[in-house]
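Dear colleague,

I am handing over the structure below, and I would be glad if you could look through it before reading the notes that follow.

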Amino acid sequence: MVNRVIVGAHYGMGSWLAQRVTAVIMAVYTLVLGFVLIEEGPFDYAEWQELFAGGWMRVATLLFAASLAWHAWVGMRDIWMDYVKPDALRLALQVLTVLLLAGYLGWAVQVLWR
Amino acid sequence: MVPQLGGVIALQRYNYKTPMANAALKRRRPKYLSLAALLFQIRLPLPGKVSILHRISGALLVFPLAAWLLYLLDQSLVSEEGFNHIRDHYLQSPLAKAGLLVFIWAYCHHFCAGIRFLLLDINQGIELQAARASAALVLVASLALTAYFGYRLW
């Protein structure tokens, strides 16, 4: 029987797969945005604002941000599990990570839908 | 598919066949390494270097780089003054450019190494020679991309 730890992983393939699926989503977004930036740039303010005001761009960027949060959660949890042994400290760091990533997501929504 | 599983199974098989060797192994575990030993004594093979750099770049991207990039995006979109300030003053400072360079390297390395890991996950390039070659390619490609974007930045 596996010795299950409350601040451990979920002992399944879910997180592992999610990290890879979100990685692919972010990679595609990166290539598309990179292409747009190189092709259309340099931008002045009006063009820059127009780019991020587009409906598809807002949704794609939000999708990227959500993927990033999920992806980074799995990755950071792996780091805490590998290097931080005391359960209380590990739990505190995991909670901080969730707060940080949720904060990023909220901030991104605010920036995109102003 | 999960790499750790293979290790566990192999270890169990090993235990079963050689209990004595296992006892000797157990006495010396867990083994704690000093930071100095990790940095200077243990020579990681190239794929190991790519792996730990993938982890370091990932951690850097989560904090503080993501927060900084969000701040830049926020300021550049909030108003024309904000945009001009970021472009003409804020990002002109050597410190900010150095920060951007770190971001570019971390992003490029994480991107390239990530694609390598995705390919390894679907059993592409898992032979020793191919894995070493792709690891070298990742290191070189991310440094080359950083140099290219850095050059365009300055």
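**What was found**

In chain B, 74% of the contacts with a separation of 6 or more are between residues 24 or more positions apart, a contact meaning that two C-beta atoms, placed from the backbone, lie within 7 Å. Please bear in mind that this is a predicted model, in which local features need pLDDT of at least 70 and side-chain atom pairs count only at pLDDT 80 or more, while totals for chains, interfaces and linings use all residues. Residues are numbered from 1 along each chain as its sequence is written, and chains are lettered from A and ligands numbered from 1 in the order in which they are written.

Chain B has seven helices and zero strands, these being DSSP runs numbered from the N terminus (helices H or I, at least four residues; strands E, at least two). Of its 154 residues, 18% count as buried, that is, with 20 or more other C-beta atoms within 10 Å of their own.

Where the chains meet, 19 residues of chain B are in contact with 18 residues of chain A. Helix 4 (46-78), helix 5 (80-88) and helix 6 (94-121) of chain B each give two or more residues to its side, and the largest share, eleven residues, comes from helix 4 of chain B.

With best wishes

Technical notes:
Buried ≥ 20, exposed ≤ 12 C-beta atoms within 10 Å, placed from the backbone.
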